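Welcome! Work through these exercises with the model open beside you, and try each task before you read its solution.

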2 protein chains.
Amino acid sequence: MASPSAAHAVQPLSLDRLKTACSTCGLRELCLPVGLSGEELDRLDNLIYLRKSIKKGTSIYRAGERFDALYAVRAGFFKTTVLLEDGRDQVTGFYMGGELLGMDGIGTEKHTCDAVALEDSEVCIIPFGRLEELSREMHNLQHHFHKVMSREIVRDHGVMMLLGSMRAEERLAAFLVNLSQRFLARGYSPSEFYLRMTREEIGSYLGLKLETVSRVFSRFQDEGMLSVQQKHVRIIDIPRLRALMGQRPC
Amino acid sequence: MASPSAAHAVQPLSLDRLKTACSTCGLRELCLPVGLSGEELDRLDNLIYLRKSIKKGTSIYRAGERFDALYAVRAGFFKTTVLLEDGRDQVTGFYMGGELLGMDGIGTEKHTCDAVALEDSEVCIIPFGRLEELSREMHNLQHHFHKVMSREIVRDHGVMMLLGSMRAEERLAAFLVNLSQRFLARGYSPSEFYLRMTREEIGSYLGLKLETVSRVFSRFQDEGMLSVQQKHVRIIDIPRLRALMGQRPC
DNA sequence: CGCGCTGTTGAAACTTGTCAAAGTTTGTGG
DNA sequence: CCACAAACTTTGACAAGTTTCAACAGCGCG
């Protein structure tokens, strides 16, 4: 029953303010501010003035806790997991810079999953009531927020597709291609990166056992598609990975 | 390349108006109007004045088509399917009275799946731009719409859970219990109903082959949990079904 | 009334899971 | 800073669950 919330302080942005405001954030083209004008950005800055450090292994929120804010990943890496009543749990998503966490909680006013940091991370707190308020006044913000939620639904459909009709190799290929694209969009190398999650977490997300994940990694390596050493991955042949997952190579 | 849209007319609600308005719709407690006051309902009625009949086997929209409206199921039954580039497709959801279709399209302005009627059906057309407009003025509507989207996300997480960590029996049990609850919420018998979908569609949704679905149905019947004859299902032992899917019996 | 779609069932094949053991890395405390 | 423990990863052999292929039955639409 660890209470991780107590471990890391919520800090207002006092002097740091300029550096941490949405208007100067490096992730603003990926995050909630997309498409806002200068003046609109200022109003959003006014709303999102709290951030929170989350130490590796601790959570932003847990299933069952009251929902009252969304969280934008400012730095770091997260997973969300849902727990079945019989103790089984499953990773439902991985989240990186600029992505929004917590939308699962809107429907019932309670979070339905845990959001756990896979490395020391930082999130911006977006009080949901005020976001709704502001989006009643700002057409652009409202529409963009709807887009973000919609994309979350589409993303989930992609995962359902993967879980429902792909074989192990295809699942891992799809997973790697997806990660690769997201790193690219953030200015990192799409072909070489460190996995922040364990084989077990990958497996849980992909509906596979960790041994299967490990075996498929080895097979990919044997076939010259990539090189893996523990968490370090270098993708050598992206077109072939794409072909594997049933997509056209380009 | 069938163009099913042409086959069924879009009809304004002229004289029929009173009977089809949200304010008098039997599904209003399950649908978009939840929580609206009388005056607010009137304004929503003003927005949702078109409905459309969808013949069995035809679609409301298809992947790739321009998105500009959501659809509320007024009567009937739908599935949504996504298509992989290599031709494989998968059912991502089943939708019945009062449920909203089309939210996948908001993010990209294009639909990402097909919405196909499994029986002759009718939907109400909700022009999305006007819904956003109205929800900027009506707090309740805005919040409820966000809840609906959020619940779609949570529902998808449930399916991911099912696909990622349940065995065939557990998946079918979860599917049946879910259907049962939704029928109950609509005033139908939770223990006896007709499946509108084929074994193949159930299998696609559950990540199983149709033969497996059929076998599991037979096994459930042999064990006295239910009786099936083709599409007619009578659930005899719901607690045992719930237990199977890893939930407490009540 | 028959043809086609849908559903059922069996046997064999295949993919993935399970169990086990050993190697590797990471983190912690002395 | 080293040593040891814990966590993570890899690999093998075998088991189990699901799919595949095939044959046949039943229902329903035209």
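On a 1 Å grid over the protein atoms alone, a cavity is a set of points where a 1.4 Å probe fits but cannot get out; a pocket is an open set with protein on both sides within 12 Å along at least five of seven lines, and lining residues have an atom within 4 Å of a point. Grid points are joined across faces, edges and corners, and a volume is the space filled by probe spheres set on the points.

Two notes before you start. This is a predicted model, in which local features need pLDDT of at least 70 and side-chain atom pairs count only at pLDDT 80 or more, while totals for chains, interfaces and linings use all residues. Residues are numbered from 1 along each chain as its sequence is written, chains are lettered from A and ligands numbered from 1 in the order in which they are written, and side-chain values use heavy atoms, leaving out hydrogens and water.

**Exercise 1. Describe the second largest cavity.**

Step 1: start with its volume, which is about 100 Å³.
Step 2: find its lining. There are 13 lining residues, and A:Cys22, A:Cys25, A:Cys31, A:Ala72 and A:Cys124 are the closest to the centre.
Step 3: name the elements. Helices (H or I, at least four residues) and strands (E, at least two) are DSSP runs, numbered from the N terminus. In chain A, β4 (69–75) and β9 (121–127) each give two or more residues to this lining, and β4(A) gives the most, with 3 residues.
Step 4: sort by class. Ala, Val, Leu, Ile, Met, Phe, Trp, Tyr, Cys and Pro count as nonpolar, Asp, Glu, Lys and Arg as charged, and the others, Gly among them, as polar. This lining has 11 nonpolar, no polar and 2 charged residues.

**Exercise 2. Describe the largest pocket.**

Step 1: its volume is about 1500 Å³.
Step 2: among its 49 lining residues, B:Arg151, B:Val154, B:Arg155, B:Gly158 and B:Asn178 come closest to the centre.
Step 3: both chains contribute, with at least two residues each from β5 (77–83) and β8 (114–117) of chain A and from α4 (139–165) and α5 (168–185) of chain B. The largest share, 11 residues, belongs to α4(B).
Step 4: the classes are 25 nonpolar, 11 polar and 13 charged.
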